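Hi,

Here is the structure I promised to hand over. Have a look at it first, and my notes on what turned up follow below.

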Amino acid sequence: MSNYLSRYLERLSWPGRRRTLVGMVLILMAVFAPVQTMRAEAAMNIDPVRYLPDLKVWVLNTERTSYMVGVNERNELQNIYWGEKLLRGGDLAAARSRPEHASFDSPETMTNIEYPGWGARYYNEPSLKVALADGDRDLVLHYVSHEIRGDTLVIRLKDIQYDLFVNLTYKVFAREDIIRKEASIENRTQQVVTVESAQSGAWYVPTGEGYRLTYLTGRWAGETQVVREPINPGMKVLESRRGNTSHQLNPWFAIDYCGEADEEHGRVWFGALGWSGNWKLVVEDSPASHQVRVTGGYNDFDFAWPLKPGENLSTPPYYGGYSGRGFGEASRLIHRLEINEILPDHAAPHPRPVLYNSWEATEFNVNEEGQKALADKAAKIGVELFVMDDGWFGRRNDDHAGLGDWTVNPQKFPNGLKPLISYVNGLGMDFGLWFEPEMVNPDSDLYRKHPDWAMNFPGRPRSEARNQLILNMAREEVKEYIFTVLDKMISENNIKYIKWDMNRHFGEPGWPEAPMAEQKGIWVKYVRNVYEIIDRLRVAHPMLAIEACSGGGGRVDLGILERVNEVWTSDNTEAFDRLRIQEGFSLAYAAKIMSAWVTDVPNMNGRSTPLKFRFLVAMQGALGIGANLNKWSGEDFDLATKMVSYYKRIRETVQQGNLYRLFSPREGELTANEYVSADGKQVVLFAFLHSQQFLRPAPTIYLRGLDENARYRIKTIDNKLMKPEGHGVVPGGVTETVSGPFLMRHGLNLALTGDFDSTSLELERVE
Ligand code: GLA
């Protein structure tokens with residue numbers, strides 16, 4: 001071929017040769033260009049992070065989504081796209097800053113700057129605001145360089161004048177369709193730079209108006225209530241100024257377009273911040289650009305963080321995800337992220353044990369004999385972890401004294417905790433213990449010895465809440481003391497689980513021992529030190545499990561969840577209220593994180609529900625029992641034993657499977673949730689009738705997420721499943737098999753009647 005070609009070319013004149021060669025090159029390009037494009041497109045879709053140098057664009061790819069940023073002609077890092085996956089390289093555009101609208105709407109403000117500094121003519125919520133020692137407060141960040149390490153992209157920005165750098169780190173969680181952003185602010189100048197606002201970044205949804213916001217609000221005993229409202233021009237601030245995550249607002253959001261999304265359909269952008277201190281999410285709709293963004297990070301209220309030359313400040317992780325299949329899928333994605341990537345046992349996820357906690361039975365009145373008696377009963381119903389709550393230490397007979405004195409109370413436990421723990425272990429259960437490490441009662445030996453350890457502004461009142469003050473965990477000696485005390489207790493006793501409580505918020509957050517310029521740093525330093533203690537405990541005691549609690553669900557966020565196995569959802573254990581608390585919780589957090597107890601009735605709101613209803617509600621999370629077992633009847637024990645053994649059969653599906661919220665407790669008379677195991681082999685349905693009126697039958701339940709080609713064997717625990725033909729009920733036990741399509745299209749009918757009736761079905765896929 002090449003000989004033939006050279007002989008042919010020799011016969012031609014030079015212009016003829018040139019034309020022929022050019023023609024051949026063009027033919028070859030035409031033949032191979034699509035192949036190359038296809039290769040580039042394939043790589044674009046496979047690589048989690050891809051840089052396209054011609055466009056100066058980075059594409060972050062998850063399995064079903066794309067996220068794009070690029071450098072625009074002003075050298076700013078600009079957000080370009082976030083949503084459904086872009087499949088073709090040719091669809092990608094370079095970043096172009098938007099022109100000014102008038103002299104009042106500058107290009108900086110019109111453009112979706114990925115990590116905006118406050119400076120020049122920027123009027124939206126900035127991601128970073130600084131003040132330099134020389135008085136300069138202007139900050140304009142431009143692109144410098146980038147680095148790609150597998151699923152991680154680091155983009156380096158720098159102020160146009162000063163050696164002030166920001167490293168933005170993106171990590172792609174491909175299977176979960178989630179991206180994590182973090183920022184690190186680096187002072188390479190020769191002067192002190194005071195950071196006045198440090199955000200982790202901003203999530204931009206496509207330009208437009210008519211978006212809707214979903215978020216979680218609440219109060220003590222009424223956490224994680226769902227709110228949905230239109231996003232209008234201006235800012236909506238979700239935040240905590242209380243020192244911890246708070247019951248009042250949770251650092252999670254979801255946004256859908258024009259209210260088009262429901263549980264199963266529609267585009268939903270969602271995000272969550274991993275920080276257990278003062279946080280802030282600013283949902284901002286800029287009127288000029290019709291742009292909705294959610295900026296999140298440390299709360300800048302009462303915040304200042306001086307960076308000396310050479311120092312840096314890193315921000316909390318800020319997660320963002322996209323679901324093209326409604327709020328249900330958005331929840332399943334974030335649950336998967338928590339289970340596979342965040343929780344301390346993510347490398348080898350294991351189900352949570354069934355626990356017993358004595359708090360509601362005994363309150364502060366704990367002692368060796370009493371706890372042993374409860375342990376006997378708990379073991380009989382199948383409990384695996386026995387937790388002793390408040391009251392075992394110092395002079396703790398009520399909530400007026402003892403916090404801070406973490407030594408065993410000698411009247412209640414004359415021989416220490418060892419006899420109780422070995423008794424509990426002898427019954428086949430692990431032992432867990434309650435602590436509230438960050439607190440001190442003024443009536444305690446610790447406070448008498450170290451009154452300065454409590455957070456305070458010198459000479460001013462120290463406001464108590466629940467008769468307690470808060471230790472300044474930002475102080476190194478306090479942190480070390482608390483670590484040593486906990487480490488000693490856990491090392492000397494066979495403690496497999498601790499419940500880490502925090503029963504008040506900050507007050508008078510003074511830190512007089514620190515240099516004046518650093519005192520506002522207390523909000524961040526405190527939380528970092530709490531994290532550090534937990535991290536060190538985990539290293540020292542790898543088998544230790546931890547439950548975070550703050551008067552119920554006051555410390556629930558993706559930051560604490562890197563360190564604790566589960567959280568106490570709410571001090572409100574009333575089962576009907578819990579349906580709503582748990583629904584809101586499930587929007588953002590997986591079932592295995594959610595401690596849920598069966599307690600006695602009438603509950604705190606005076607309501608009584610049947611024991612079976614209470615069990616089935618609690619079985620939708622990490623099941624615990626907090627009732628006074630000394631008062632239970634034989635029938636109660638029989639039912640509890642049956643329920644606990646049923647739970648053990650289905651818990652892996654509930655805790656680690658895929659949740660489908662079928663009927664919301666906010667909307668009608670029925671609540672129903674379905675859980676499908678990760679391998680699809682087991683399906684569990686829970687259904688709760690609130691209060692039947694006018695003899696209305698419970699609505700048909702259409703199952704979701706089943707295999708179209710499989711059949712399922714339904715196992716009932718009672719006689720609440722109606723026969724498909726609509727007459728009579730299926731007797732308790734095993735039924736015939738039913739097809740996936742039948743269950744999803746024809747659905748199931750339940751014979752639920754009256755007040756607080758409930759049932760659960762287990763479905764097994766027949767191979
Ligand atoms: C908080 C917790 C409860 C219990 C008490 C003990 O209120 O939420 O579960 O541990 O403290 O004082």
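His450 is partly exposed, at 22% relative accessible area (buried means under 20%, exposed over 50%, partly exposed in between, with a 1.4 Å probe and protein chains only). His450 sits in the loop between helix H8 (445–449) and strand S25 (469–470); helices (H or I, at least four residues) and strands (E, at least two) are DSSP runs, numbered from the N terminus. Between the C-alpha atoms of His450 and Ala698 there are 61 Å, with 248 residues separating the two along the chain.

Before you go further, please keep in mind that this is a predicted model, in which local features need pLDDT of at least 70 and side-chain atom pairs count only at pLDDT 80 or more, while totals for chains, interfaces and linings use all residues. Residues are numbered from 1 along each chain as its sequence is written, and side-chain values use heavy atoms, with hydrogens and water left out.

Phe615 is worth a look. Leaving out residues up to four places away in sequence, Phe615 touches Val598, Leu623, Ile625, Trp632, Ala640, Met643 and Val644 (contact means heavy atoms within 4.5 Å). Phe615 is also one of the buried residues of helix H12. How many residues of H12 are buried? Eight of its eight, so to speak: helix H12 (residues 611–618) is mostly covered. Those buried residues pack against H11, S29, strand S30 (622–625), helix H13 (634–656), strand S33 (682–689) and strand S36 (758–766).

The structure holds 33 aromatic pairs; rings of Phe, Tyr and Trp (its six-membered ring) pair if their centres lie within 6.5 Å, and planes under 30 degrees apart count as stacked, over 60 as edge-to-face and the rest as tilted. Trp58 and Tyr143 make a tilted pair, 5.2 Å centre to centre with 55° between the planes. Trp58 belongs to strand S2 (residues 57–61) and Tyr143 to strand S6 (residues 141–149), so this pair ties together parts 85 residues apart in sequence. Trp58 is buried, with a relative accessible area of 0%, and Tyr143 counts as buried at 14%.

The rings of Trp392 and Phe435 are edge-to-face, because their planes stand at 85°, with the centres 5.4 Å apart. Here Trp392 lies in the loop between strand S22 (385–388) and helix H7 (418–426), and Phe435 in strand S23 (residues 430–435), 43 residues apart. Both Trp392 and Phe435 are buried. There is also a cluster, in which ring pairs link Tyr67, Trp82, Tyr170, Trp203 and Tyr318.

On to helix packing. The axes of helix H4 (residues 326–342) and helix H11 (residues 575–588) come within 6 Å and cross at roughly 70°; axes are lines fitted to C-alpha atoms, for helices over the stretch in contact, and angles run from 0 to 180 degrees between N-to-C directions. That makes H4 roughly perpendicular to H11 (65 to 115 degrees, with under 35 counted as roughly parallel, over 145 as roughly antiparallel and the rest as oblique). Ser331, Ile334, His335 and Glu338 of H4 meet Ser586, Leu587 and Ala588 of H11.

Ala591 counts as buried, at 11% relative accessibility. Not counting residues up to four places away, Ala591 touches Gln620, Gly621, Ala622, Val654, Gln655 and Tyr675.

Finally, some backbone details. The peptide bond from Val601 to Pro602 is cis, with omega near -5°, and Pro602 lies in the loop between S29 and H12. Phe694, although not a glycine, has a positive phi of about 55°; Phe694 is exposed, at 67% relative accessible area.

Best wishes
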